[in-house]
Amino acid sequence: MNHLTAETFDSNARAALNDSQLRGALRHATSLFGKRRLAAARSLNNWEDLRSEARRIKDETLLHLDKYLTEFTANAENAGARIHWARDAAEANNLVKKIARQNAARLVVKSKSMTTEEIHLNAALEAEGIEALETDLGEYIVQLAGETPSHIIAPAIHKTRHQIAKLFTEKLAIPPTDDIATLTITARRVLRQKFAAAEIGVSGVNFGVAETGTILILENEGNIRLTTSLPRTHIAVMGIEKVIPRFADLEMFLKLLPRSGTGQHLTSYQSLITGTKRSPDQEGPEELHIILLDNGRSRMLAHPTTRQSLACIRCGACLNACPVYQQIGGHAYGSVYPGPIGAVITPQLIGLSKAAKLPYASSLCGACREVCPVKIDIPELLLHLRAEITRNAEGGENKPDIAPRRAEQLAFKIWAAIMTRPRWYEFSASLARLLQRLVVRGNRIGKVGGFIGAMAPPLAAWTGARDLRPVEKKSFRQQWRESGRSPTVREGA
Amino acid sequence: MNESDHQTAIKNPQSAIKVGLFVTCIVDQMWSSIGVSTVEVLRRAGCEIEFDERQTCCGQPAFNTGYRNEALSVARRFIELFEESAVDFIVSPSGSCTAMVHHYEGLFSDDDSWRQRAKALAARTFELSSFLVRVLGREDVGARFRGRVTWHDACHGLRDLGVREEPRALIRNVRETELVELENADSCCGFGGTFSVKYPEISAAILDQKIETIETSGVDAVISGDASCLMQIGGRLSRIGSKVRVMHLAELLASQ
């Protein structure tokens with residue numbers, strides 16, 4: 001499941017649907033997260049107001065992002081941090097590698113960070129001969145298995161306890177057990193030694209406060225506290241959209257993020273880091289490097305519709321709520337960010353042509369929008385991207401699946417011609433009535449395969465698992481007309 | 001039309017409320033009994049029904065698949081057609097198609113005049129259950145149906161139009177009908193328009209979660225406000241030989 005791409009979304013999804021262990025794990029975890037989120041949201045009587053206010057702050061920040069980033073940079077530097085700007089993944093990785101070389105680092109401990117997943121930092125470091133070790137339990141499991149995270153906040157959500165036990169027995173040479181306490185103690189033992197030996201700790205950032213230059217990172221395991229305080233050097237990789245104006249704004253985001261993500265009222269640890277240690281007897285790293293990453297974000301900023309993608313605080317609630325994610329999990333998306341927000345962000349990060357299938361991987365049910373703590377209208381964004389994709393296809397840029405798109409384009413041109421001409425509309429219904437005789441049996445259309453299925457792919461696709469109602473002998477409008485505007489219900493009409 | 005206009009239309013005793021029926025293309029061609037039932041229920045509630053035979057589709061299939069120009073041409077025609085008719089309200093037996101009419105405004109983001117027209121039209125376009133309850137103030141339309149039923153919240157009605165309590169209130173007032181709430185009543189059935197044929201396996205996997213709870217609940221019928229969801233749910237129930245039937249809210253409310 002490791003090297004899937006967004007271009008093969010169809011086959012990835014089919015493989016996932018056939019994996020009963022995966023589906024069992026997903027069903028259990030997503031419904032649990034969903035219930036916890038709801039209970040946590042209901043524990044506050046002003047949840048809706050908080051969402052609106054959080055979004056307002058995000059919108060305000062994004063509208064003046066240059067100003068707040070400048071302010072953040074100045075204040076963080078005053079406190080002793082060093083700020084670096086990275087236009088893309090390669091620049092960010094090069095910065096980390098350069099700092100690693102300066103520190104003569106052989107071992108980097110990492111805390112869970114989707115942003116470092118996005119730039120594929122581990123692979124970049126390993127190519128330099130530097131070991132990058134994930135210290136979040138879920139990330140550690142995924143790294144041991146040679147996989148990638150399948151969820152924004154629960155990287156190993158796709159794995160059952162039994163699978164993890166088997167992995168630990170194989171990779172860590174422990175006697176077979178699926179006792180959770182034994183497994184976590186084993187991981188802890190391995191990780192503690194690495195924390196002590198690492199020259200550099202790499203983390204992500206949940207929020208960067210412009211007013212004070214502070215970064216906030218949330219977690220439950222204590223590994224982030226260790227990653228950011230034990231090694232001599234701390235590197236934080238931060239998407240430019242993570243900045244918020246004021247320290248006081250954190251209160252609201254701290255109410256929204258843990259509740260939406262894990263259903264907790266607050267995470268076990270909140271690390272607020274402002275610069276480096278001030279005197280030799282203080283604890284903490286001597287160097288703090290903050291890498292501000294663009295990597296396509298300023299492109300999203302340019303358009304008012306896509307701008308809201310940058311309001312995301314990476315809580316993962318939309319993944320848990322999404323009926324598609326619930327069935328196929330994260331790996332099938334073939335992208336770093338899965339689920340509804342992944343289907344929105346990925347095409348904007350890696351290009352529409354490489355991820356053209358993702359915006360279509362949604363029934364547009366709106367469950368994502370309903371749970372989003374910052375009210376991102378994900379269905380609107382998906383529709384916006386779909387429109388971009390069809391526009392690109394017309395220009396011939398969208399090469400990967402150009403043939404089906406051409407057929408679809410033509411179909412919709414014909415469809416629009418029919419739907420704007422009532423006579424054509426009635427004629428095409430009559431034609432359907434005639435043609436469907438080939439497949440209607442006992443007033444329903446069962447599975448259609450063979451030649452007819454090949455000639456009418458949507459019909460074959462629909463009838464694979466579902467019967468289809470045929471076009472009726474008499475349409476509503478015919479009955480209205482013939483009955484003198486008083487149609488009556490007749491059985492089997 | 002704003003709230004006070006609604007009230008004027010209702011309180012004006014001289015004339016019946018004139019409703020333009022937007023039947024939707026699916027109902028027109030594939031499920032006419034929903035259209036017929038809608039007419040019956042609205043007439044029983046005292047409305048005068050107009051049906052313009054030039055109407056076709058709202059444009060949603062093209063809009064949802066990303067074909068904006070095609071959606072726009074159908075939307076413009078829809079607006080022109082319903083602007084011409086001298087009706088107080090436009091009512092449709094579909095949350096999804098009604099929601100599409102409410103989306104028109106956003107579709108014309110570059111054209112102020114069309115946007116205003118779209119907005120005005122959307123303000124008087126209603127899905128059936130919300131029209132009965134919110135506009136007419138009717139929760140009982142004198143229906144009778146013997147059986148245990150459950151309500152499936154169609155996504156666009158629920159999340160785009162905020163229709164949740166209206167259909168439930170109407171169903172509770174149907175004589176001899178017992179309403180059973182399913183745990184996942186408000187989760188998607190997996191239809192999603194072209195999604196259902198672009199990713200049929202995912203669509204069917206989502207659907208099966210719905211089918212599972214329906215089958216174990218012991219209901220006689222699944223009721224919903226959208227023919228498309230009912231085609232999806234009903235298509236699977238039919239395929240597996242289930243005894244549970246699907247019914248549109250209009251059909252239930254027309255039963256006597």
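Trainee: Let's begin with H12(B) and H13(B): at what angle do their axes cross?
Mentor: This is a predicted model, so keep that in mind throughout. In chain B, the axes of helix H12 (residues 200-217) and helix H13 (residues 227-239) come within 10 Å and cross at roughly 70 degrees.

Trainee: Which residues make the contact?
Mentor: H12(B) brings Leu207(B), Lys210(B) and Ile211(B). From H13(B) come Gln232(B), Ile233(B), Arg236(B) and Leu237(B). By class, this contact has 4 nonpolar, 1 polar and 2 charged residues.

Trainee: Is His152(B) buried or exposed?
Mentor: His152(B) is buried, because 26 other C-beta atoms lie within 10 Å, and the cut-off for buried is 20 or more.

Trainee: And how far is His152(B) from Glu181(B)?
Mentor: Their C-alpha atoms are separated by 8.9 Å, and the two residues are 29 residues apart along the chain.

Trainee: Switching to another helix pair. How do H5(B) and H7(B) cross?
Mentor: Helix H5 (residues 68-84) and helix H7 (residues 112-123) of chain B have axes that come within 10 Å and cross at roughly 60 degrees. H5(B) and H7(B) are therefore oblique to each other. Their crossing is left-handed.

Trainee: Which residues meet there, in H5(B) and H7(B)?
Mentor: Ile79(B), Phe82(B) and Glu83(B) in H5(B) meet Arg117(B), Ala118(B) and Leu121(B) in H7(B). The residues of that contact divide into 4 nonpolar, no polar and 2 charged.

Trainee: OK, zooming out. What domains does chain B have?
Mentor: The domain assignment gives domain 1 (3-134) and domain 2 (141-254). The C-alpha centres of these two domains of chain B lie 22 Å apart. Their contact takes 30 residues from domain 1 of chain B and 24 residues from domain 2 of chain B.

Trainee: Which helices supply the domain 1 side of that contact?
Mentor: In chain B, helix H2 (25-30), helix H3 (32-44), helix H4 (60-65), helix H6 (95-107) and helix H8 (128-135) each supply at least two residues of the side that touches domain 2. H3(B) gives the most to that side, with 7 residues. The residues of this side of domain 1 of chain B divide into 12 nonpolar, 14 polar and 4 charged.

Trainee: Now chain A. What is in it?
Mentor: Chain A has 24 helices and 12 strands. Its C-alpha trace spans about 95 × 55 × 50 Å along the principal axes. Of the 493 residues in chain A, buried residues make up 47%.

Trainee: What are the domains of chain A?
Mentor: Chain A is divided into domain 1 (44-299) and domain 2 (421-482). The C-alpha centres of those domains of chain A lie 55 Å apart.

Trainee: How many residues of H8(A) are buried?
Mentor: Helix H8 (residues 137-144) of chain A is mostly covered, with 7 of its 8 residues buried. Among the buried ones are Leu137(A), Tyr140(A), Ile141(A) and Val142(A).

Trainee: What covers the buried residues of H8(A)?
Mentor: The cover includes strand E3 (131-134), helix H9 (161-172) and helix H10 (180-197) of chain A.

Trainee: And what follows H8(A)?
Mentor: Gly146(A), whose phi is positive, near 70 degrees.

Trainee: Last topic. How many residues of chain A are in contact with chain B?
Mentor: 54 residues of chain A are in contact with 54 residues of chain B. Several helices of chain A each supply at least two residues of the side that touches chain B, including helix H19 (378-394), helix H20 (402-419) and helix H21 (422-435). The residues of that side of chain A divide into 31 nonpolar, 10 polar and 13 charged.

Key: Residues are numbered from 1 along each chain as its sequence is written. Chains are lettered from A and ligands numbered from 1 in the order in which they are written. This is a predicted model: local features need pLDDT of at least 70, side-chain atom pairs count only at pLDDT 80 or more; totals for chains, interfaces and linings use all residues. Axes are lines fitted to C-alpha atoms, for helices over the stretch in contact, and angles run from 0 to 180 degrees between N-to-C directions. Helices (H or I, at least four residues) and strands (E, at least two) are DSSP runs, numbered from the N terminus. Angles under 35 degrees count as roughly parallel, over 145 as roughly antiparallel, 65 to 115 as roughly perpendicular and the rest as oblique. A crossing is left-handed if the near helix is turned anticlockwise from the far one by less than a right angle, and right-handed if clockwise. Two residues are in contact if their C-beta atoms, placed from the backbone, lie within 7 Å. Ala, Val, Leu, Ile, Met, Phe, Trp, Tyr, Cys and Pro count as nonpolar, Asp, Glu, Lys and Arg as charged, and the others, Gly among them, as polar. Domain bounds come from an automatic or database domain assignment. A residue is buried if 20 or more other C-beta atoms lie within 10 Å of its own, exposed if 12 or fewer, and partly exposed in between; C-beta atoms are placed from the backbone.
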